[in-house]
Amino acid sequence: MSFKLVSEYSAKGDQEQAIEKLVKSIEAGNSHQTLMGVTGSGKTFTMANVIERIGKPALVMSHNKTLAAQLYSEFKNFFPNNAVEYFVSYFDYFQPEAYIPRSDTYIEKDSSINDEIERLRLSTMGSLLTRADTIVVASVSCIYGLGSPDDYEGMMVPVWQGQEIGRDELLSQLVAILFERNDIAFGRGKFRVRGDVVEVHPAYLDATAIRVEFFGDEIDRISTIDVLNGAVIERVDKHTFFPAKQFVSSPDKMQRAMIAIRAEMEQRVEFFEKKGKLIEAQRLKMRTEYDLEMMQEMGFCQGIENYSRHITGRPPGERPYTLIDFFPDDFIVLMDESHVGVPQIRGMFEGDMSRKRVLVEHGFRLPSALDNRPLRFNEFMELTKQRVYVSATPGPFEVVNSRPENRGHIPVHGNKERGIDPIKLRQLRIIPSPTNDPVEAFDATKNGTPLIVEQIIRPTGLLDPTLTFKPLEGQIDETTELCQQRVEKRERVLVTTLTKRTAEDLSEYLQGAGLKVRYIHADIDAVERVEILRQLRAAEFDILVGINLLREGLDLPEVSLVCILDADKEGFLRNETSLIQTAGRAARHINGECVLFCDVVTDSIQRLIDVTEYRRARQQEYNEKHNITPQSVVRAVQESLHQYQDDRSAAEKLNSSLVGENATVYDAVNVLMELEGEMQEAAAKLEFERAAHLRDQIKELKQRAGLEKENEVRKAKAKVKYAKKK
């Protein structure tokens, strides 16, 4: 199947030329191309058009789950007729296994798996093996070890109408791919048997199960059914059951793996005993023998991924299988916010390895556990043949590899010479920050010259925010005055500081000046951050003070002013990338302005000036040429999730006599059931922040209505349902 983009919008501004250039570069066989798209220019829409034009399976990578969920939702809407999948870490909570020798503290692996995300991961693996029109939106978890795609595909169980197969044989095959029989609690990854009818709930389906009906030793009929009520949804001619777990292997391979694991254990125990480390030897022997027993009896054990090298038959030191191995040879990778994503991929291997080395040295794991790891960066580059880096501020790596003609001026990783020639890079007009670290260049210019595509023109015609510079002396009082001016115009303000203490103190000072202000930093949980941002947009307060959270991913059209305090304190929070990303938060308002408080124009500030002047000139020229009048971005503010209020007029409309409670409680329970339905719907759509927010609203509502105990809630719901039925 081909990709079909469905959208009411068409390419505008710089989008059309960006799409053409990227498609041409990919078709030429180039491995590196960068889309440098400014904030609000529609980079996601451009990526969707590139995928449609190229027609290859695509891996869209994001550096965190929240942004990945947003991208997944957008691509789902763009490609409703294609397989759009979501692959992120399925842990709601994850404490990796670790050991601290200094205090002799062993930290056992502790995790809470999100069933819905696990289902989506299994669905992703199945789609990649059975469909060519697959788009996977993934986090960096896609570079971590996974089962062999050949084993996974080989363990699939296809069934079709008229197939000659006995019922018991089918049940044996389902058990072999780690399905469990449960005739009472029917759920994902389970099957039940009723005479000649077998009902299977695949682990990758949500509310749908498969019913297989036999006539003797022949499959007579196959149907999809509703899990809840068993009603037939449709008749189908065939179906393929995928394994119920991510790590599966054939019985023969598992037996060979167990022999190899036992041999390695005996060798390692002997090593410890010769070294006089009897505790480590005993510990390793007990743990490994327990795991082997579980694998023998159940075909699975806790932490089976640590034995993946033996199960897949890989030699020591060879890279693990990952999700990328499930893709066909010809696919493309699009890395959103690549200036964050590339360093993230670089750092995963060493962080994981340092923890596992300690576990191996002290007898908690076999040495083969070291081969259950994320990919090294060079391995990732070898596996991904063609990449599109997407960012408003591409890093040095993206620039170097997308402009290979500059490699003579940029040292390759491993050379003694260090640093990047800033003069040459400034000629790119992207002006990435100089660095003291060498940048690895991957030769990928087989059939053409990779390029950096600028997407500077916004569909709304908006220009980049103007830059204003003010001295450090008196910056607090000046900020107060600027905030008051914007508040009078009913516009919003972002203020960035360098420390959490400064953010809190400044918020208190601005409140003392009569302004409505809140602060946001890492100590505030994710759910509350979402509500704070919603309240800012809804004008419940006017000024938001933050540190490093006011950067990528924030869509705040009402913000017209960004104040950057201590802008000349060069460092991570005031480097070129941070300054450009922070200033971009005002790029969705027609009166957008960024005020920098500084006494010195640092290199980062100068690069911000150069980038802004260049972009504004291009944007202004385009607007004049096409007679475009800039307009602020207009986007509806998400209404505050239902708040319970004791409203007499609403209560009077309810017939409280139908229940033995007052109208207020009746109203509360109605709202409570509505909120719970919305929460479940939001979770199913992967809108996790909204679902979490709804959860908090439900908790607050229960407290206000005196329904904190679960049995009280159940009784109240039963009464309301009975009243509605009457």
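# Legends to the close-up views

**View A. From strand 3, Ala83, Glu85 and Phe87 point one way and Val84 and Tyr86 the other way, and all are buried.** Buried means under 20% relative accessible area, exposed means over 50%, and partly exposed lies in between (1.4 Å probe, protein chains only). Helices (H or I, at least four residues) and strands (E, at least two) are DSSP runs, numbered from the N terminus. This is a predicted model: local features need pLDDT of at least 70, side-chain atom pairs count only at pLDDT 80 or more, and totals for chains, interfaces and linings use all residues. Residues are numbered from 1 along each chain as its sequence is written, and side-chain values use heavy atoms, with hydrogens and water left out. In a regular strand the side chains alternate between the two faces of the sheet. Why is strand 3 called largely enclosed? Five of the five residues of this strand (residues 83–87) are buried, so the rest of the structure largely encloses it. Its partner here is strand 8 (residues 134–138), paired in the parallel sense over five bridges. Two strands pair if DSSP finds at least two bridges between them. Ala83 has Thr134 of strand 8 as its bridge partner.

**View B. Strand 19 is covered on both faces.** Ile452 and Glu454 lie on one side of this strand (residues 452–455), with Val453 and Gln455 on the other, and all are buried. Strand 1 (residues 32–37) pairs with strand 19 in the parallel sense, over four bridges. Look for Thr34, which stands opposite Ile452.

View C. Strands of a sheet pair through backbone hydrogen bonds, either parallel or antiparallel. Strand 12 (residues 197–201) and strand 13 (residues 208–215) run antiparallel, joined by four bridges. Val200 faces Ile210 of strand 13 across this pairing.

View D. Glu169 is a residue of helix 6. This residue is partly exposed, at 45% relative accessible area.

**View E. Leu178 and Arg490 each have a positive phi without being glycine.** Leu178 sits in the loop between helix 6 and strand 10, with phi at about 70°. Is Leu178 buried or exposed? Its relative accessibility is 15%, so it counts as buried. Arg490 sits in the loop between helix 14 (475–488) and strand 21 (492–496), and its phi is near 60°. Arg490 is exposed, with 74% relative accessible area.

**View F. Helix 7 has buried residues that pack against helix 8, helix 9 and helix 10.** Helix 7 (residues 251–274) has 24 residues, so at 1.5 Å a residue it should span 34 Å; its end C-alpha atoms are 35 Å apart, which agrees. The expected span is 1.5 Å times one less than the number of residues. Which residues of helix 7 are buried? They are Met254, Ala257, Met258, Ile261, Glu264, Met265, Arg268, Val269 and Phe272. An α-helix has 3.6 residues a turn, so residues three or four places apart point the same way. The packing partners are helix 8 (278–298), helix 9 (308–312) and helix 10 (338–361). Just after helix 7 comes Gly276, with a positive phi of about 80°.

**View G. The largest nonpolar core has 58 residues.** A nonpolar core is a set of buried Ala, Val, Leu, Ile, Met, Phe, Trp, Tyr and Cys residues joined through side-chain atoms within 4.5 Å. Leu59, Tyr152, Leu174, Phe241, Leu323 and Phe380 have the most contacts inside this core. Contact means heavy atoms within 4.5 Å. Leaving out residues up to four places away in sequence, Leu59 touches residues including Val136, Cys142, Phe327 and Leu334. A second, separate core has 36 residues, among them Ala18, Ile19, Phe79 and Leu120.
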